[in-house]
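Reader: I would like to learn how to read a protein model. Please take me through some features.

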Amino acid sequence: MKKSFFQQYLPQVAAGVTILFFGFQMLPHGDAALDWHYRDFGRLPVLDKGRIKPMDTVARNNLMVITHRQSYYDADSGQRYSANKWLLDVMTSPDSRDPVMGALCPNGAKNRYAWDYKVFRIENDELLQALGLKMRDGLRYSINEFGAKVGFIEDRAKAIDKTPAKERTLFDAKVLELAHHLHMIAEYSTAWFPLAIPDAEVAEPWHPFRTAVVDVFQARRAGDPVAPETEDAVETYLEVLRKYDQDDKPGFNAALTKYLAKLEKQSPAMMGKINLEVFFNEFAPFYQCLTIYVVLALVGAVSWLNTAWSTQLRRAAFGAMSVAFVVHTASIIIRIYLQGKPPVTNLYSSAIFIGWGCVGICMIAEWFYSNGIATVVGSVTGFCTLIIAHILSLEGDTMQMLVAVLDTNFWLATHVTCITLGYTTAFVAGFMGLAYIGLGMFTDKLRGEVATNLSRATYGVLCAGMFLSFVGTVLGGLWADYSWGRFWGWDPKENGALLIVIWIALILHARWGGMVKQRGMAVLSVIGIIVTSWSWFGTNFLGLGKHAYGGSQGEAMMWLVGLDLLILSIAGLGAWMPLQQWQSFRPPAKLDPPATPPPLSPTGIMATPTH
Amino acid sequence: MDQTAIKAGMTPIGANGTASPAKEPAVMPKSELKILAVKVLRALASLRITVTLFAMSMLLVFWGTLAQADTGIWTVVGTYFRGFLVWVPLKVILFNCVDNTALRIPFPGGLSIGAVMLVNLLAAHAVRFKLAWNRAGIILIHAGIIVMMLGELITHLYAVEGRMMIMTGHAANKVFNPRYSELAIVLPVDAKNDQVVVVPGALLQVGAKIHDERLPFDIEVLDYMVNSTIIDVKDKNPANKGIAVVMNEKAIALPETAGADTEQKEDVPAAYLRLWRGDKVLGTWLFSVFYSEVFYDYIQEVPVDGKNYQVSLRFKQTRRPYYVHLDKVTQKFYPGTDMAKDFRSYVRVQDPAVNQERKLEIYMNAPMYYGGETFYQAGVTTDRPGRAGNAIGTTLQVVRNPGWILPYASCAIVGFGLLIHFGYTLYRFLERRTVR
């Protein structure tokens, strides 16, 4: 069949379109009021949670925690504003009685613009009722809407704070959450946060604007010397906040431009990182990859249909996936550079790393078998893990510092990377198992070599998983022995890792012993998803009492249990339904029986297939 | 279905796998006994047993994890993982979804499963042993796993863990183990020597009466609490002698600190003891680790026949023949946070036997090795909580484990074995592809 020109070059076109998509997302965009240099404001360096980072990151993280988005959407004007504008408005909306900030921003103190921002996400019925609010679309409310009840929230939160965490109700958890968010806003509007003013003199070299401005003025009056860095920063903030309050756009922009130019000259290394992080925030590469993976999952699935386009669609998906994988990889490398740590340091980074690993492994499998199944498995797992990462990022900064015992690059790079890749392989094998069951039951694709190849790929991934999870777990033990003299302590996280190792060992031995064949291995691999998700997440929920299931962790727990039940029922269906009733294995068509593995070699390793 | 495949699966013990069973008589030894032995060995080597053991060990590990929601980690380790038989409560079996802990089913513990696994593994290698490239990896992997299991067994049997607390400017030689308690009866003889009798906490069972020639009095155990706290007495004080009467306090039992608790605290044992001198009751005392170690560092005195015995319930302790002197302890935080970045103890070991001092820094991931023991930085005592506090003392974790090398050896052996085995599998896979 002759292919049309377009058909022939579809893979290249797909890769090109993906590159264009990423390129477009890299352009700075998304602020309705760009003539104010909010982006420059976002480039101001601050010290937050132990790390020097751009104001942009602080603004985004705080807004993310409060409203679950990185930007503010104003439903009334239909405009979208950046987190920087929101934070700036918070900082210039002080209490009029505040002697420092109230005096500096009289207009803001009078109008309190930030109090009008509908950013507080309140979804709990009981809490809405207590605040006298009506449920509405988007579930986001402004302080002005429940201002009268702020005192009630604070008192209630104080009382709840005294009760043990295990006895708190869902309502209690939500009250605490809101009180915490209000407290955050208060810290910024009083300028106690962030630590924005550098100081060359003292051991802990950054101060909040609030104390720094007072210190500088007192020092000047007393004739004491002030560090030039400190003075510059204080002057800049004074100017920026005052001009913003006075609605003086040129003044605001000029003050920022001048200060940033000076910083670029003084500390180019720091500003290099800051600019990279701002770019990284704006680009949001993992979010873009997530979008691509969704599309690829669909394209890959369509490529299974037997059309003239099948092969080219499959190649197109592979081409686009390669581009997304490059972006995914580069983004992880940028994170490593920004944080100065190996790729996995917390749950969030484990999610993006697992997603990366899943896509990578599936690309290798697709390279070998070219049947489009691995592409779909890769994009689905990539999509799922990035969604999980996105949900985890709601908790705030994704590049936190590490407690003393974890602060070692050697063990993070070896043990943590190994064990996370172990999770990755278990997930990939599980999703390949799902593909086996799904394709076998509902399509006639899973015949002959397709089934054998899928099964062989699963087997290969499981072997790699055995190696990685075993070595990873043992390295964890060695780290523990090295850190506190106990190789194995039987604690929940260790046990979780051990469960994965035993489970993969069980699957492999069951196969070597002929107890399971293709179908059995697929079903067992699917159950492996549950075992792995327990190890990854479940153990974190162990210490919670019954009531805490209502909190945000409780919701996550419910999701986990629900998904596990779904996966378990698919596995159950796969194990229970007789093969003759699967669409792919249905008689009368006389096909090679794909459910039978090739004979075992004397060693228990799969013998070379004869076909 | 392919019959040969099934057969191969059903008789995995066959040293020659797909070889048909009909051939067996030809190679069988003459003696009946030998035939039986081989049969038994082959049955023991079954991969079905292996898979069953894997499944059982997973259940055990999973339940042993869930049990930690309510029970202390060391209790769980003792019963689930280092016991022969464990009675698992219904609550744990049903994933903590119900509250019933009264109903329990027996399940083989870690020692039983481990032992059968070992037998299964050894039998499998005995039947299938063959020196070949594709076997080398498998043999190494399993040898390494045996080493690891032995390592855990040796740790269980011989490893000793303890804590050493030193305040800045002081030296200590006492190592205590918060997992065990003991009742110490001390009679100071002169300025340098004490006469000490120790009753292990395990003997302090409620209702027990302890009589021993070495004790100045008999002990009747009225109450023993694994974990407790001290509260003010509102009604009647169960004690009628000692500090509890002076302070008007009593001990109430608390549940054992659960393994999964986010805030890991140590259990504080307490005991109400009635002391007898012959037929005469000396009184009822409250002895608690709370008084002796946690809070007051207060030792109660019991006068018997004109001698004052210092009696205390304390964490089990031993003394080293050398002292560890703490010059300084520091803690660093990440700037702008309450998160500790580094704890560091500057110590000197003063050992009269070697007549020299060793100066060392101990910090996270950098322990000190001395006298066959390893000293790890475990914590810092501060005068105030958070970053406002000054570090005034240090806590070192002191570990002696004769089997410490085994996990390292095992890791190397198994890792190497896995590399060989899966590397070989991968090699054959790639080779097959190029042939095609």
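Reader: Which backbone nitrogen does the side chain of A:Ser349 reach?

Author: First, the ground rules. This is a predicted model, where local features need pLDDT of at least 70, side-chain atom pairs count only at pLDDT 80 or more, and totals for chains, interfaces and linings use all residues. Residues are numbered from 1 along each chain as its sequence is written, chains are lettered from A and ligands numbered from 1 in the order written, and side-chain values use heavy atoms, with hydrogens and water left out.

Author: Now your case. A polar contact is a pair of N or O atoms within 3.5 Å; within protein, one must be able to donate a hydrogen and the other to accept it, and residues adjacent in sequence count only if both atoms are side-chain atoms. The side chain of A:Ser349 reaches the backbone nitrogen of A:Thr345 at 2.9 Å. A:Ser349 sits in helix H18 (residues 347-369) of chain A.

Reader: Is A:Ser349 buried or exposed?

Author: Buried means under 20% relative accessible area, exposed over 50%, and partly exposed in between (1.4 Å probe, protein chains only). A:Ser349 counts as buried because its relative accessibility is 0%. Leaving out residues up to four places away in sequence, A:Ser349 touches A:Arg335, A:Pro343 and A:Val344. Contact means heavy atoms within 4.5 Å.

Reader: What about A:His207, buried or exposed?

Author: A:His207 has a relative accessible area of 19%, so A:His207 is buried. This residue lies in strand S8 (residues 206-208) of chain A.

Reader: How do I read helices and strands?

Author: They are DSSP runs, numbered from the N terminus: helices are H or I with at least four residues, strands E with at least two. Chain B has eleven helices and 18 strands. Take H4(B), residues 47-66. Its 20 residues reach 29 Å from first C-alpha to last, close to the 28 Å expected at 1.5 Å a residue. The expected span is 1.5 Å times one less than the number of residues.

Reader: How many residues of H4(B) are buried?

Author: The count is 14 of its 20, and H4(B) is mostly covered. At its start, a side-chain oxygen of B:Ser46 comes within 2.9 Å of the backbone nitrogen of B:Arg48.

Reader: At what angle do H4(A) and H5(A) cross?

Author: Axes are lines fitted to C-alpha atoms, for helices over the stretch in contact, with angles from 0 to 180 degrees between N-to-C directions. The axes of H4(A) (residues 55-67) and H5(A) (residues 83-91) come within 8 Å and cross at roughly 85°. That makes H4(A) roughly perpendicular to H5(A). Angles under 35 degrees count as roughly parallel, over 145 as roughly antiparallel, 65 to 115 as roughly perpendicular and the rest as oblique.
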